[in-house]
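I opened the notebook to look up how the chains of this model sit against one another. The structure goes in here, and my entries follow.

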2 protein chains.
Amino acid sequence: MNGEKNILHLRYLGIDAYMEAIVYARKDCPVCTLEGFETPARVYVSLGEHSLIATLHTISSDLIDPGKASLSEYAWKRLGAKEGDAIRIHHPKFFESLSFVRSKIYGNRFSKNEIEAIIQDISAERYSDTQVSAFLTACAAHGLNKEELTDLTQAMINVGDCINWHRDLVVDKHCVGGLPGNRITPIIVPIVTSYGLIMPKTSSRAITSPSGTADTMEVLAPVELDIAMMKKLVGEEGGFIAWGGSVSLSPADDILIRVERSLDLDSEDQLIASVLSKKKAAGSTHIVIEIPIGPTAKVRSEETANRLKQNFELVAKYLDLQVCVIFTDGSQPVGFGIGPALEARDIVNVLQCKAEAPQDLRTRALTIAGLIIEFSPNVTKGEGFSIAQKILDSGKAWEKFQSICEAQGGMRQIPKAPFTHSFFSPKSGKITAIDNRQIALVAKLAGAPNNKVAGVDLHSRIGNIVKKGALLFTIHAESKGELHYASSYLTDHTNIFQIQD
Amino acid sequence: MNGEKNILHLRYLGIDAYMEAIVYARKDCPVCTLEGFETPARVYVSLGEHSLIATLHTISSDLIDPGKASLSEYAWKRLGAKEGDAIRIHHPKFFESLSFVRSKIYGNRFSKNEIEAIIQDISAERYSDTQVSAFLTACAAHGLNKEELTDLTQAMINVGDCINWHRDLVVDKHCVGGLPGNRITPIIVPIVTSYGLIMPKTSSRAITSPSGTADTMEVLAPVELDIAMMKKLVGEEGGFIAWGGSVSLSPADDILIRVERSLDLDSEDQLIASVLSKKKAAGSTHIVIEIPIGPTAKVRSEETANRLKQNFELVAKYLDLQVCVIFTDGSQPVGFGIGPALEARDIVNVLQCKAEAPQDLRTRALTIAGLIIEFSPNVTKGEGFSIAQKILDSGKAWEKFQSICEAQGGMRQIPKAPFTHSFFSPKSGKITAIDNRQIALVAKLAGAPNNKVAGVDLHSRIGNIVKKGALLFTIHAESKGELHYASSYLTDHTNIFQIQD
């Protein structure tokens, strides 16, 4: 079908539009003229065996010749393009699943087929970001019933790869988040694998928080492992701590998370589908799920926590997964550091059993590690914590952690921020509350998680009695601009710490 | 604040990203380094007195020097940029209104202040398209109550310009759409202004349809008039037919409509706020609102139509506008042509009282023109239709239309499509239904409204008795690619016409 007329040859321009696929072509190029394409048309671009849907940006200058085209960095990589390669551009096949999204907006339920079609089209990148945003918003607004939620989770598993470890007991954990600094995974994995369990841990990067486990772990070792590397690590070490997105476990979820991030939205149903689809695809069989509850945490009431617990258990059962859901204290940040490098520092201090290690982080890690250890058929309920504690205090966990880091590609030094700004107590009194959301926002304004060294270092906690002028926290940033940006937020918002006389 | 370090000099690249503001800069440029910017950061860009929020796309090649930057065409125009101009790039001020959108997603109501903040931030282009999409979807999903709806409408008026014609009676009309080919405005304006009324008609371009009134009118005359030109036309001709977006009557609405278009979404509340904010800002006092009802029209039941009518009347009252809402037949397209040029042909045929003019288009135009004429204090209810008919049949309306077109910048010849493809009846029988949505979709797939000549020309209507092989309709396109794209949809979808033996 007009194949030869739809060809343009690639010229590298190196324009990075993050994860957006864009094709650049002359307004007057033969393809645009033949097909009637105008910006911002969604077009089907193919190169050899690879293809994707991209947004067309037309060029009216002499930047490239009419017979040439370019691609955004993301599209260039996805297509495996090289300078001079011939790409074909066509109208994309008409896709109907957007009408199912519209129907959902008006309160109708998804059928299994509809949800499958939507997830297939999203993972094939047929949806623009605005369309993905409408899907997420409609799901959050009306919620998903039990059938829709399990269908969504299954559909997300179906479009990606699945790993099979060929073991009966493959453990995992997940925290529903919302609690800055709660970075216990890199402490748990070496404890649990030292005990002899298999824990192939794939973590996500931050969605709406200043750091995800993958962001923090990346400070200490490479986290972009391929499946061969993961299998090697499970064989040699019993586990690893990798970024889940470096393998294609739930490609639709990666797209959904990217858009959720731009909306600062993190809905309950997407959370369950996202977590369980990735756990199932990653080959886990037994999972501890932590739900911190607090007035400024993601989950603010036991009612919400119970609903989440029920839905986790329901979907897990359908997927043949065993889950243990635990509620924890979410009233304030965990540890001292918030942001990748500062959290990494806390983790190493806990693993090394140093005096300056944050005790709340240590206790929480031991609690969850204990529950995971109790998945072993030969461990009685209640014994896990002390088993975990012995492993940590013996130094075995620290040894194991270094060994895992080396096997993942080499342990790294923790970098420090070149710019910091400290904040002091405006009065004497007792700290009665710390706003998790605002403190997380300050860390993000300072550049976390994109800049590893950026974040907030807390020097005080709820219950502390402080004098006027006492150090409350320090902002860390990689650039003066970001330090200023984060600090200026604090000029308008003075209620992050509540201090009572 | 580091003003000089935040400067980059412009180089023109001519990249057209439609209405998206993008700034292109080297990854290693001083501003990105200083401020810690990475793609896809939202950044504040200023040039002299102009400023906007743009998305950063970084460049890793030698396309531009580290001291230089470029802008997408839209941003280039909005900032009034010239080659070599110095732009400043900073972190945008933190905006809180996105948290109000999230609250709405979870079913809470907007306060007046919240809705004002959102609309201000949207019109200042602080929102990315995914964020606008979430706002629209959340509003559509939960609906707006009466207070929210009037607050939204008022907020949309507040952020734009308002025109005052200094007259007590300024008439207008609006059709809620969904009916392909229903292009009666260019017939009504010359009738009503011939009668002596003031009708300064600002129309929109297509949102989800194959043509808006502004798209169709543009085939016959320029529609991008500034306010001075509009005032001159009202003085000389009593009215005009212009594109509303060429003046800044409701700048937030233009952004909302652009995103709604990408979602193919057109919600009831946004509809009311959009229509009435623009009518009020355009200085109208008396408005006829047409709601076509039909199984495949936008409004499918009298229940929905009544709800819309009530809400139109309610918000109109709050804004001190007089409205007359009329329900019409929406069972099939109006006229023969669907798409800008084909509709323009039908309009001219009606104005010239030609035998081949579509009678349904003529009757509908006379009905609405009659209702508008009845807004005059000296016209009795029921007299309007025959007054309108006399003006049309006397040739005065056609004369007036030509005069208005000349005054708008010159009447144009209607172009014809170079490529057409006809479809014939697969069997003999009576046409019992025509699917408005599908026929509109075919016209869009053929390239309407961007390509003026594109669309569908209907040769048959509901009630017609056709023989096997009779001509049903013809697709018109500007390129072979689009003709093929539209035709291939028909291979999979054979139920556009229902024909009974």
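I began with strand pairing and found two bridges joining strand β5 (residues 50-59) of chain A to β2(B), the two running antiparallel. Two strands pair if DSSP finds at least two bridges between them. For Ile59(A), I looked up the bridge partner in β2(B), and it is Ile15(B). Helices (H or I, at least four residues) and strands (E, at least two) are DSSP runs, numbered from the N terminus.

I noted the ground rules: this is a predicted model, where local features need pLDDT of at least 70 and side-chain atom pairs count only at pLDDT 80 or more, while totals for chains, interfaces and linings use all residues. Residues are numbered from 1 along each chain as its sequence is written, and chains are lettered from A and ligands numbered from 1 in the order in which they are written.

Next I checked contacts, where two residues count if their C-beta atoms, placed from the backbone, lie within 7 Å. I found 52 residues of chain B in contact with 53 residues of chain A. Which element gives the most to the side of chain B that touches chain A? I found that it is α5(B), with ten residues.

Last, I looked up the symmetry. A rotation of 180° with 0.0 Å of shift along its axis superposes chain B on chain A, with an RMSD of 0.1 Å (least squares on the C-alpha atoms of residues with pLDDT of at least 70 in both). The two copies are therefore related as by a two-fold rotation axis. In chain B, the C-alpha nearest the axis belongs to Thr130(B), 2.3 Å from it.
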